[in-house]
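Hi there,

I'm passing along the structure we talked about, and below it you'll find some notes on what turned up. Have it open while you read, and click on the residues as they come up.

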Amino acid sequence: MKTRTGDNNRHVVDVLFVLALFGVFAASALLLVTIGASVYKQTVSNMDQSFTDRTSYSYLVEKIHQNDIYDAIEIGELEGSPALVLTQRLGEEEYCTYLYLYEGYLMELFTRKNSFAGTDLRPAGQNIMPLDGFHLEAPAAGLIKITIDTGNGSPITLYTALRSDYS
């Protein structure tokens with residue numbers, strides 16, 4: 001009978017060992033999934049921020065290149081807000097596209113040149129994308145410095161050269 005009792009104890013130890021091994025495996029799997037989910041979440045967040053950054057400056061640079069005609073691009077204001085002013089002629093009329101910051105959004109307003117008189121046109125534009133900051137400079141003839149803040153804590157500064165004749 002002693003042999004049977006020893007076998008029972010041995011059998012219980014085997015079962016406990018298997019259960020402990022299963023518990024370690026389950027805990028390891030859960031830890032691995034948790035770490036993977038955290039890494040995935042951070043990667044998606046970084047990709048979203050990178051996409052927002054690239055989209056904002058690509059949009060601005062593309063607008064500049066589309067309108068790169070001599071004397072058609074200037075840094076100006078729209079009702080006190082700094083604006084990139086893109087002028088173009090359609091038929092007999094001159095029109096302006098204003099790119100500016102208003103209430104946390106990059107805005108675009110297309111209007112006839114000098115067609116407004118004292119009204120605040122800033123809210124009239126189309127929301128393009130959320131931005132926390134938008135600053136324009138012309139450090140040299142034919143060069144535009146754009147600084148944008150997309151809200152990730154570090155502003156992005158880019159320079160774009162105008163290809164039209166600025167000699």
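Let's begin with E108: it has a relative accessibility of 19%, and the cut-off for buried is under 20%, so E108 counts as buried. Please keep in mind that this is a predicted model.

What does E108 pair with? It forms a salt bridge with K63, and the closest N and O atoms are 3.2 Å apart. In general, side chains of opposite charge can pair when their charged atoms come close. K63 is buried as well, with a relative accessible area of 16%.

How many salt bridges does the structure hold?

R112 is partly exposed at a relative accessible area of 42%, and E93 is partly exposed at 35%.

Another brings together the side chains of E137 and K145, also with an N to O distance of 3.7 Å. E137 is partly exposed, its relative accessible area being 33%.

Next, the aromatic rings. The count comes to one aromatic pair. Its members are Y95 and F110, which are stacked, with 5.3 Å from centre to centre and 10° between the planes. Y95 lies in strand β3 (residues 93-102) and F110 in strand β4 (residues 105-112), so to speak a link between distant parts of the chain, 15 residues apart.

Three strands form an open sheet in the order β6-β7-β8, and their pairing is antiparallel. β6 (133-140) and β8 (156-161) stand at the edges, each with a single partner strand, so one side of each has no neighbour in the sheet. From one strand to the next, the twist averages 20°. Strand β7 (residues 143-149) pairs with β8 in the antiparallel sense over six bridges.

Happy exploring!

Definitions and conventions. Residues numbered from 1 in each chain as written. Predicted model: local features only at pLDDT ≥ 70, side-chain atom pairs only at ≥ 80, totals over all residues. Heavy atoms only, no water. Phe/Tyr/Trp six-rings, centres within 6.5 Å; stacked < 30°, edge-to-face > 60°. Helix = DSSP H or I, 4+ residues; strand = E, 2+ residues; numbered from the N terminus. Pairing = 2+ DSSP bridges. Axes fitted to C-alpha atoms, helices over the stretch in contact; angles between N-to-C directions. Salt bridge = Lys/Arg side-chain N within 4 Å of Asp/Glu carboxyl O. Buried < 20%, exposed > 50% of the residue type's maximum accessible area, 1.4 Å probe, protein only.
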